[in-house]
Amino acid sequence: MKISLKLFLGILLIGVISVNSYSQNDTTKIKKIDSEINSTTSTNQLKAKTLNSTVNPSSPIDLKIEKQLNTEAINKNLNANKSNSNQNFMLENLPEDSDIIGKKYWKGKDVTNAKLKSNFSLGTVTSRTKSVKIECRDYSAIDGDRIRIYLNEQVISDNIGLKANYYVYYINLEKGYNRIDFQALNQGFSGPNTAELAVYDANGNLISSKEWNLTTGQTATIGIIQQ
């Protein structure tokens, strides 16, 4: 019994010594890991401090733009290339408007006081009413044909665009002979200036039906005698 008790006590003592030794080793490892973490944190903090900018954000930054750019030369160039002061310069430069007849000049000549000339006769008709209705439309391709209408050589409707539907205009006639001119302002995109014309008296009677094919500047004329 005594031997067994001594043996038991010896084994117990060895176990206690082993547990204490293991605990000491774990404590040493934990301390070592804590030391490494603290060391890493301290290093990162030092690195972060070195990244701080030394520039004061509130300090003014002089880019010296005026010294880099010749502002005087730029302003001079802008003034020299100002847009045309003529309000109608866009109309004069558009390709589709290049053949529009000027009010005072035609092909470089002053035609302000020139007498209106007729290129094509649409005949002469009579009307027993004091007014007539003019209808005209583009009977061919709708390509932007435009006309101007004169009554006794005075403009009564300017820059009319001919469409597929009829353009309608009512004219009060003078007693006797009345001259109505249709002048082609352009030839559209395909040319010539094509139109279908219908004239009705105030009672709705058709008194004339014609067509024309005009080049730019040409005029078709119809005469109406008011009886």
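Buried means under 20% relative accessible area, exposed over 50%, and partly exposed in between, with a 1.4 Å probe and protein chains only. The model is predicted, so local features need pLDDT of at least 70 and side-chain atom pairs count only at pLDDT 80 or more, whereas totals for chains, interfaces and linings use all residues. Residues are numbered from 1 along each chain as its sequence is written, and side-chain values use heavy atoms, with hydrogens and water left out.

**View 1. A nonpolar surface patch includes Y166.** Y166, V168 and Y170 make a nonpolar surface patch of about 310 Å² (patch residues have over 30% relative accessible area and no salt bridge, with like charges joined within 9 Å and nonpolar side chains, namely Val, Leu, Ile, Met, Phe, Trp and Tyr, within 5 Å; areas come from the Shrake-Rupley method with a 1.4 Å probe, and for residues only the protein chains shown count as cover). Y166 is partly exposed, at a relative accessible area of 36%, and is found in the loop between β6 (154-161) and β7 (167-172) (strands, E, of at least two residues and helices, H or I, of at least four are DSSP runs numbered from the N terminus).

**View 2. The largest nonpolar core has 23 residues.** Those with the most contacts inside this core are I134, I147, I180, F182, L197 and W212 (a nonpolar core is a set of buried Ala, Val, Leu, Ile, Met, Phe, Trp, Tyr and Cys residues joined through side-chain atoms within 4.5 Å). Strands that each supply at least two residues of this core include β3 (120-127), β4 (131-137) and β9 (193-201). Leaving aside neighbours within four places in sequence, L197 is in contact with residues including L122, I134, F182 and W212 (contact means heavy atoms within 4.5 Å).

**View 3. R137 and E196 meet in a salt bridge.** Their side chains approach to 3.0 Å, N to O (a salt bridge is a side-chain nitrogen of Lys or Arg within 4 Å of a carboxyl oxygen of Asp or Glu). R137 lies in strand β4 and E196 in strand β9, so the pair ties together parts that are 59 residues apart in sequence. R137 is partly exposed at 21%, whereas E196 counts as buried at 17% relative accessibility.

**View 4. D158 forms a salt bridge with R148.** The closest N and O atoms are 2.4 Å apart, and the pair, with D158 in strand β6 and R148 in strand β5, ties together parts that are ten residues apart in sequence. D158 counts as partly exposed at 38% relative accessibility, and R148 as buried at 8%.
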